[in-house]
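This briefing concerns aromatic rings and the groups around them. Please keep the sequence and the structure in view while reading.

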Amino acid sequence: MKKKKQRGMQSTIMLASSIISISIMVILGIGVYIRFSATSRQDTIQGTKKLMEQTGEHLEDYLVSMRQISDAVYYNVMKENDLSSQQDNIQRGMNLLYEANKNSLRSIAVYNHYGSLMAAEPVALQKEDPNITKQEWYKKALGKMENMHFSLPHIQNLFQDEAFRYYWVISLSRAIEYTEHGVPMTGVLLVDMDYSGISRMLSQINMSGNGEYYYLCDQNGEIIYHTRQIQISKGIARENNLKAAKHKDGVYEENFQGERRKLIVQTISYTGWKLVGVIPYSVFSHGMYPIRYFIIAFIFLMAMMFAVINYFVSVQISSSILKLNDSVMEYEAGKKPEIYIGGSQEIQHLGLSIQQSYEQIETLMKKIVLEQNERRKSELDALQSQINPHFLYNTLDSITWMIEGERNEEAVFMISELARLFRISLSKGRTVICVRDELQHASSYMNIQKVRYKNLFSVKFDVDSALEHYCIVKLVLQPILENAINYGVRGMEDDGEITVSGRLLDGKVMLSVADNGVGMPEEEAALLLTDNSRVHKQGSGVGLVNVNNRIQILFGKEYGISVKSEPDEGTIVSICIPAVPYTEENSKKLEEGRIFGGIEKQ
């Protein structure tokens, strides 16, 4: 048992300290993880921004080269020559520019304000009726003549190609002025750059494979490049490009199709294009797996180390406490050993305090028990003293009348019964007597009353002989019998009957006094045990409240008297007390309050 308690205390201390230690480590681990996660997330975003800045610079270089070619054609070729007389110079100049940039350049063409082709490089035949004036790039150039206009990626098929090789291009169109026959004219310059250059740049930064990707759109949200451009165009996939195009440069958070992700937007100069980087939150968590595993392993190792430390600490702490606990338990068991005073300073102080407390408690308990016993005796004596001598006066008067009437035998009987009644009433000063003596007292009382009332009623005792050797408070039947006479059968002319019965039921002594008298309503019967201020018309004045209180003082509130009565049917008064065998020792314990409710107090 001692080892079991020791293990229990050690386990409790170790478990408590381990929980605290692990909780602190978990909190620190979570804090470290959150810190690393935030740092890693910020590093990822910063890396993405740098990569986008580099890509943006390359795109701007690409667009600058288109502008430079456009400016060179416009200012160095078209403005320096008259189209009507210097056609060869114009063609030669455009050819030089084309050859110098043919790795990224697909074509250069000049159209007049009617949409007719004026010059082109490389030299090619224009397709019949290409409806140049209805082309979007042509209308934009003449619509805003002061601006350069960049188109979306498209297949340029204005010129005939015997090999049927048509390329994806991005067109720069602008309004220009040229001279023909010395007259300034308005036209449109078209420079087609190879789209594969942009495609290569963006393909290179979309090779991470971790879910992060980049796409390019214009200021209206039209996609210029996307890794899933074909699926998006066919409606198989979706992108939040229209919303992204409205963002200014910066970092944004969005939830698209149930997925949280970071959005980084950068505007490309000259065009208003938006380079958009998309970082799903899964990218952040994927990068934190190594740190997560490290923190879990660290917490596990620290938990093992703390468990070992806590074990030794718990053994050290619990040993002194268990010794103190064992000495306290032995003291409570009645062995009264010396309380253990040892171990740390706190345990020594606790042991000394417990020893002093026990000494004080023992002294106070002895004092309280003594005071309670005196109080109980005083209460019983006070209740017992309420029996007035009215009955004695009437009995002595009756004996006197018998002697004067020379009814000597009846007088002798009355005196004998009265002597027996008072012998039991006194009971050597005891409060608790056996049931047999209480029944004898009741019998003597009823014999006297029958003589006084000239056998106006009959009395019957139906008590199981097994009850005679159990304890009872003395003088509990006599007041009940007195009430049965005065309030029950006294007013009857004949056939008055009082029955005293007793049985042993479920470890309880059950006694009852029944009469066939006038009875009373249920409400009045209920007042007999609650209203002690009622005026007694006849009898000793010792009501049922008195008897009930005396029983409950000795045996407890769950025992006492109950009354059942109906008008013209009679009354039954029942007594319920615990079945405590009558011995000198039990009688003494009851009077001292060491037996309560039939259970002996330790």
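R228 lies over the face of Y213, 5.4 Å from the ring centre. A charge counts as sitting over a ring if NZ of Lys or CZ of Arg is within 6 Å of the ring centre and within 35 degrees of the ring normal. This is a predicted model, in which local features need pLDDT of at least 70 and side-chain atom pairs count only at pLDDT 80 or more, while totals for chains, interfaces and linings use all residues. Residues are numbered from 1 along each chain as its sequence is written, and side-chain values use heavy atoms, with hydrogens and water left out.

**Charges over rings**
- R260 lies over the face of Y281, at 4.1 Å from the ring centre.

**Aromatic pairs**
- The structure holds 7 aromatic pairs; rings of Phe, Tyr and Trp (its six-membered ring) pair if their centres lie within 6.5 Å, and planes under 30 degrees apart count as stacked, over 60 as edge-to-face and the rest as tilted.
- The ring centres of F294 and F298 are 6.5 Å apart and the planes meet at 20°, so this pair is stacked.
- Y453 and F457 form a tilted pair, with 6.2 Å from centre to centre and 50° between the planes.
- Y111, W137 and Y138 form one aromatic cluster.

**Exposure of the paired residues**
- F294 is exposed, at 57% relative accessibility, and F298 is partly exposed, at 43%.
- Y453 is buried, with a relative accessible area of 18%, and F457 is buried, at 4%.
- Buried means under 20% relative accessible area, exposed over 50%, and partly exposed in between (1.4 Å probe, protein chains only).
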